[in-house]
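Here is a quick tour of some side chains worth a look. Have the sequence and the structure open as you read.

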Amino acid sequence: DPNRLLEIQGIIPVDLDPDKRILFPDGQGEGGNRPRFHVPLSARDEARMAAAVADAAGITQALGRTRAGCAPTWMPFGFAHMTGTTRMGAAEDGESVTDYKGRVWGFDNLRLASNGLIPTPMAVNPTLTGVALAIWIADGLMAG
């Protein structure tokens, strides 16, 4: 049927980098209080993105045609699932923010439970991993 539409999506991992972060403005200026994503892409990130777009174009060609205005592309950050922004780690080494129980280094009573804890690049939707981390951390709170 020429009127059918198929959407192809891919999740592409990006390199972890301490300069990739979410910025929370002070409410002044354009955008008000909305968070902004600052995610500079490395050359390796750019190469992965270009390869993913090329793969999607090849799949699209194999399946049929591309609807006008719907050529394969990747979405700018702000729509992506951010991971690694508050990485967990085994030691307070300047690379991680929390231990494996979500405890923020240097604080006894502050824990994090989010996708930001995931310490490695991922090529999947991280929602279930984030939920599992939240349950793990909550269980740790309950255990004392």
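## Salt bridges and a serine

At 56% relative accessibility, Arg44 counts as exposed (exposed means over 50% relative accessible area, buried under 20%, partly exposed in between, with a 1.4 Å probe and protein chains only). Before going on, a word on the source: this is a predicted model, where local features need pLDDT of at least 70, side-chain atom pairs count only at pLDDT 80 or more, and totals for chains, interfaces and linings use all residues. Residues are numbered from 1 along each chain as its sequence is written, and side-chain values use heavy atoms, with hydrogens and water left out.

Back to Arg44: what does Arg44 form a salt bridge with? The partner is Asp15, with the closest N and O atoms 3.0 Å apart. A salt bridge here is a side-chain nitrogen of Lys or Arg within 4 Å of a carboxyl oxygen of Asp or Glu. This pair links distant parts of the chain, with Arg44 in helix α1 and Asp15 in the segment before β1 (21–23), 29 residues apart. Helices (H or I, at least four residues) and strands (E, at least two) are DSSP runs, numbered from the N terminus.

The whole structure has four salt bridges, including these:

| Pair | Closest N to O |
|---|---|
| Arg44 and Asp15 | 3.0 Å |
| Arg103 and Asp99 | 2.7 Å |

Arg48 and Asp45 both sit in helix α1, three residues apart, or about one turn of the helix. Arg48 is partly exposed at 25%, while Asp45 is buried at 0%. Asp15 is buried too, at 16%. Together, Asp15, Arg44, Asp45 and Arg48 are linked in a network of salt bridges. As for the Arg103 pair, Arg103 is partly exposed at 32% and Asp99 is buried at 11%.

Now for Ser96, which is in the loop between α1 (43–63) and α2 (127–143). Is Ser96 buried or exposed? Ser96 counts as buried because its relative accessible area is 13%. Its side chain makes a polar contact with the side chain of Trp105 at 3.0 Å; such a contact is a pair of N or O atoms within 3.5 Å, one able to donate a hydrogen and the other to accept it, and residues adjacent in sequence count only if both atoms are side-chain atoms. A polar atom of the Ser96 side chain also lies 3.1 Å from the backbone oxygen of Ala91.
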